Amino acid sequence: MHQPHTEEHFQTFISQLTETNANLGFFTDFDKITARVESISVRLNQLNYLIGKEDLPAAVYTLWQENPKVFSVLDILIAVRTCEKKKVIDKNGRIRLVEDFFKTPEGVIEYIEETGLREVLQNKRVTNLVDYVFGVETGLDTNARKNRSGHIMERQIAELFRAEGIPFRQEVYSTEFEEMKCLGEDLKRFDFVVTTPLKTYLVEVNFYSGGGSKLNEVARAYSELAPKINRHPAYEFVWITDGVGWKSARGKLEEAYYMIPRLYNLTTVREWINGLKVELC
C-alpha cells in the first residue's frame, strides 16, 4: 500500500524541483522550420521576381497572369499564418481577412503597399524570399517553446521506462477502458499507460519552468481526476511533474499532493519505477 503523503514529504518534493529540463536543442526546431519553408519554397522563388522591380504593381500583374497562386504565401512575409484567420481594416475601412487580399491582383498590391513590403522589395532589403522566410519561421518557432518542456519531459520518462525494462504505451485514450466511463463524456488522452499483473497505471506528465494561472488549473483538474480513477481497484492515476514554475503555484500543488497518492517529480519517480519492477516480476 502506498504511504500517504505528509507535509514533510511535500517540503522534500518542492526542494527537488529542477530549474529546467532543456538542452541547447530546446530553443529551435530546425527540422520543422525547414519542412515549413520547403513546403512553400517554389512559390517563394516565384515571388522573388518582385524584388527590385521599380514598377511593382506592373510586376504583380505580370506574375498574377503567370500564376496567381504564388501570392497565397504572402502572409508569412509579415509573420502571419493563413490558418490564424487574422482580420484587419483595409484602406476603405472594411474589416477583412488577411488572406482575402490575395484573391485579386489589386488586393495583392494593396497588401504589399499597406504592410510596408513595397519598400522592402523595391529597395532589395531582402535578396531571397526563401532565406527571408527561413528567418521568419525561426522567429515564429519561439512561440512553440512553451510546449517543448512537456515534450522533453515525456521523452525523459519514456527513456527511463525503456532503461528499466518497463513496458508502456503512449497517448492512450480513456475510451479504451470500460471502467473509465466514470470520467464523463470528454475524451481523455493519457501520456502513458503502464500495465502490471496488479494494476493499470494511467499517467500524465508535464514540466513547468515558469509560473502562470495554467498551473493552478492543472493541479485542480488532476486533483479531481485522480479519485475518479483510483476508486477502481484495478486502476491508478499517476502524475509526474517537475519544474520550479510550481513554486508560484505552491498552494495548489500541495493540495494536489495530498489528493494524489502517486504524484512524483523526476527524482521521486524512480521509487515508483522500482515498485513497478517488483510488480512485473
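This is a predicted model: local features need pLDDT of at least 70, side-chain atom pairs count only at pLDDT 80 or more; totals for chains, interfaces and linings use all residues.
User: Are α1 and α9 oblique or roughly parallel to each other?
Analyst: Helix α1, residues 7-15, packs against helix α9, residues 250-259, with their axes 11 Å apart and at an angle of about 130°. Angles over 145 degrees would count as roughly antiparallel and those from 65 to 115 as roughly perpendicular. The two helices, α1 and α9, are therefore oblique.

User: How many nonpolar residues does the contact of α1 with α9 have?
Analyst: On the α1 side the contact is made by Glu 7, His 9, Phe 10, Gln 11, Phe 13 and Ile 14, which meet Arg 250, Leu 253, Glu 254, Tyr 257 and Tyr 258 of α9. Sorted by class, this contact has three charged and two polar residues, and the number of nonpolar ones is six.

User: Within what arc do the buried residues of α9 fall, seen down its axis?
Analyst: The residues buried in α9 are Leu 253, Ala 256 and Tyr 257. They line one face of the helix, because, seen down the axis of α9, they fall within an arc of 105°.

User: Is Thr 196 buried or exposed?
Analyst: Thr 196 lies in the loop between β4 and β5, and beyond its neighbours within four places in sequence it is in contact with Tyr 201, Leu 276, Glu 279 and Leu 280. Its relative accessible area is 8%, and since under 20% counts as buried, Thr 196 is buried.

Conventions: Residues are numbered from 1 along each chain as its sequence is written. Side-chain values use heavy atoms; hydrogens and water are left out. Axes are lines fitted to C-alpha atoms, for helices over the stretch in contact, and angles run from 0 to 180 degrees between N-to-C directions. Helices (H or I, at least four residues) and strands (E, at least two) are DSSP runs, numbered from the N terminus. Angles under 35 degrees count as roughly parallel, over 145 as roughly antiparallel, 65 to 115 as roughly perpendicular and the rest as oblique. Contact means heavy atoms within 4.5 Å. Ala, Val, Leu, Ile, Met, Phe, Trp, Tyr, Cys and Pro count as nonpolar, Asp, Glu, Lys and Arg as charged, and the others, Gly among them, as polar. Buried means under 20% relative accessible area, exposed over 50%, partly exposed in between (1.4 Å probe, protein chains only). The arc is that of the directions from the helix axis to the C-beta atoms.
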